[in-house]
Amino acid sequence: MTPLAVLVSLPVRAYRMIFSAWVGYNCRYQPTCSAYALEALDKHGALKGSYLAARRIGRCHPLGKSGYDPVPEAKPKKTED
């Protein structure tokens with residue numbers, strides 16, 4: 001994880017440690033939004049990972065879908081041969 005992604009993940013980690021027990025475990029999706037955010041930041045970095053996490057949280061509402069929603073795989077970087 002890049003240093004910027006680690007910095008961006010700190011509020012998510014704080015939420016998981018402090019508030020998630022009070023909020024309860026009623027997530028519509030699997031993995032939970034906080035786990036999704038940490039995985040997205042790890043796989044895609046700070047900018048795209050934050051975008052994916054925000055998009056996921058935006059889909060989490062009573063009229064939204066539910067179920068298994070994994071983080072998309074990162075595209076392999078092109079290398080010059």
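The protein chain has three helices and two strands, arranged along the sequence as α-α-β-α-β. Both kinds of element are DSSP runs numbered from the N terminus: helices are H or I with at least four residues, and strands are E with at least two. Keep in mind that this is a predicted model, where local features need pLDDT of at least 70, side-chain atom pairs count only at pLDDT 80 or more, and totals for chains, interfaces and linings use all residues. Residues are numbered from 1 along each chain as its sequence is written, and side-chain values use heavy atoms, with hydrogens and water left out.

Now for the overall dimensions. The C-alpha trace spans about 50 × 25 × 15 Å along its principal axes. Of the 81 residues, 28% count as buried, meaning under 20% relative accessible area; exposed is over 50%, and partly exposed is in between (1.4 Å probe, protein chains only). The accessible surface comes to about 6200 Å², and 63% of that belongs to carbon and sulfur atoms. Areas here come from the Shrake-Rupley method with a 1.4 Å probe, and for residues only the protein chains shown count as cover. Among contacts with a separation of 6 or more, 71% are between residues 24 or more positions apart; a contact is heavy atoms within 4.5 Å.

Where does α3 bend? The bend is at G45, by about 135°, taken as the angle between axes fitted to the seven residues ending there and the seven starting there. V6 is found in helix α1 and is partly exposed at 38% relative accessibility.

Next, the charged pairs. The whole structure has four salt bridges, each a side-chain nitrogen of Lys or Arg within 4 Å of a carboxyl oxygen of Asp or Glu. Here are three of them:

| Pair | N to O distance |
|---|---|
| K43 and E39 | 3.2 Å |
| K43 and E73 | 2.9 Å |
| R56 and D69 | 3.7 Å |

E39, K43 and E73 are linked in a network. K43 and E39 are four residues apart in helix α3, so about one helical turn separates them. K43 is partly exposed at 28% relative accessibility, and E39 is partly exposed too, at 32%. E73 lies in the segment after β2 (67–68), so its bridge to K43 in α3 ties together parts 30 residues apart in sequence. E73 itself is exposed, at 61%.

What about R56 and D69: buried or exposed? Both are buried. R56 sits in helix α3 and D69 in the segment after β2, so this bridge ties together parts 13 residues apart in sequence.

Finally, the surface has a nonpolar patch made of Y15, M17, I18, F19, W22 and V23, with about 730 Å² of accessible area together. Patches take residues with over 30% relative accessible area and no salt bridge, joining like charges within 9 Å and nonpolar side chains (Val, Leu, Ile, Met, Phe, Trp, Tyr) within 5 Å. Helices α1 (3–18) and α2 (20–23) each supply at least two of the patch residues, and α1 gives the largest share, three residues. One of the patch members, Y15, is found in α1 and is partly exposed at 34%.
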